[in-house]
Amino acid sequence: MFQSSISEQLPQDLTSLHRRTTSASACYILGKDLELFSLTMANRGPSYGLSREVQEKIEQKYDPDLESRLVDWIVAQCGGNIEKPQPGKQNFQNWLMDGTILCRLINSLYPRGKEPIKKIPETQMAFKQMEKISQFLQAAEAYGVITTDIFQTVDLWEGKDMAAVQRTLMALGSVAITKDDGLYRGNRDWFHRKSQGNRREFSEEQLRQGQNLIGLQMGSNRGASQAGMTVVLVNAAEQSVPDKNTGCVYGHPGIPGDPGHNGMPGRDGRDGAKGDKGDRGDIGTCGTAGKEGPKGDKGEPGVPGIAGLKGKCGDNGERGPPGSKGNIGEQGPKGDMPEIPKSAFSAKLSESTKLPAANAPIRFDSILYNHQGHYDPETGRFTCAISGVYFFTYHITVFSRNVKVVLMKNGQRVIYTMDTYQGGEDQAGGGAVLELKVGDKVWLQVADKLLFNGLYADEDDDTVFSGFLLFAT
């Protein structure tokens, strides 16, 4: 019954091939063609009858305990700066469906600079998010996950088979454990190592004995498959090696069993191609114009105010006589040169202070200039000692995550600077002119969450914070 329903839905060229192949090996031949055919069978709306039963069985395969283990591994593998979702299949799907976390996961399994996905954009567009899921699936297969363990994009995006998503992530973790290249992070007991192949070689004599045993089977050989022949050859090879420990003698192979029942139909395929745009409808008729409302009465003009009287001009006073010119005073002593007020600093991050915490002053602990001592490297704050106008500036190297920093004055936010991490190393900067009084404090800090603290520094890259007095007031 299942075979006939498939034949009715297949194209003509695949139908003829399906009628000629009914054994287990023929079903494997049709596998790839059926996969292509399933691409046009997605998005059929609610499932009923047999399709509903199949969907319920798929959903029963989802493992909540495995979900918790996979969440822990993903957070550990990606660096620990990812917020965990609430437990539950729907929350797990929402956590992964935009593709960003999956792309970061596969990138973390490669050395720095050799990541397979160079750019992971942040986007709310559905097709862009599905494109990131597709990039992850291609990278996972290239990493070593076998094709049969790879889920389809709709399995995650539409939640059709979240158990398949779990199966792919388990297979990816097992490959990472098996590679043992030092890039795996997390508990090594979360996944099992993949077994290595054990190829067996048979001599010509063993193969001939297996062929002779085919003729000794009871009944007819009609309907026997190549898989059955392989079992007979293996049995023949095992019979050719006597058991030295027990002295047992192997008997002849049994009669091949009847073919098994057909398996459950596969899951729905991906979405079909978007249809052409329909013809534009006819323009509707205009409705009748509404009635004009009555015009209001004109208001009466107000009473004008009374103008005041103009005052008289006063008489001109008499001009006073000019005074006598005074004597020139003695020249005063020469004054001292005024001391120019000075206040400046410049400091940068070190290996120990990079990726700072959020909502706290950033400690630029590597001093470049701080002769007046107005900047404190222990607290990360500059304290004004001379009232005046100052210029503050910062240069940032961004790596591994986004950056959002704010220039603070006495606990008040002055300016923001944000950079969305695109891969590699980004650069960002900012600056402002501020008027300060003695005792005012200025510092730089990470705004909002830890996801925006990608300020980075190493022997080749610097993040610097500087400030100096323009003029005193």
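What share of the 473 residues of the chain counts as buried? The figure is 33%, with buried meaning under 20% relative accessible area (exposed is over 50%, partly exposed in between; 1.4 Å probe, protein chains only).

## Ground rules

This is a predicted model, so local features need pLDDT of at least 70 and side-chain atom pairs count only at pLDDT 80 or more, while totals for chains, interfaces and linings use all residues. Residues are numbered from 1 along each chain as its sequence is written, and side-chain values use heavy atoms, with hydrogens and water left out.

## The chain overall

The chain has 12 helices and 10 strands, taken as DSSP runs numbered from the N terminus (helices: H or I, at least four residues; strands: E, at least two). Take contacts (heavy atoms within 4.5 Å) between residues at least 6 apart in sequence: 66% of them join residues at least 24 apart.

## Helix H5 and its cover

At the start of H5, a side-chain oxygen of Asp63 comes to within 3.0 Å of the backbone nitrogen of Asp65. After the helix comes Gly79, with a positive phi near 110°.

## Rings in pairs

The whole structure holds 19 aromatic pairs. Rings of Phe, Tyr and Trp (its six-membered ring) pair if their centres lie within 6.5 Å; planes under 30 degrees apart are stacked, over 60 edge-to-face, and the rest tilted. Phe92 and Trp95 make a tilted pair, because their planes sit at 35°, with centres 6.4 Å apart. Both are buried, and they are three residues apart in helix H6 (residues 89-96), so about one helical turn separates them.

Phe364 and Phe465 are also tilted, since their planes are at 45°, with centres 5.5 Å apart. Phe364 is in the loop between strands S1 (344-348) and S2 (366-369) and Phe465 is in strand S10 (residues 464-472), so this pair ties together parts 101 residues apart in sequence.

## Charges over rings

A charge sits over a ring if NZ of Lys or CZ of Arg is within 6 Å of the ring centre and within 35 degrees of the ring normal. Lys89 does this with Tyr62, at 5.8 Å from the ring centre, and Arg381 with Trp443, at 4.8 Å.

Note on methods
Polar contact = N/O pair within 3.5 Å; in protein donor to acceptor, adjacent residues only side chain to side chain.
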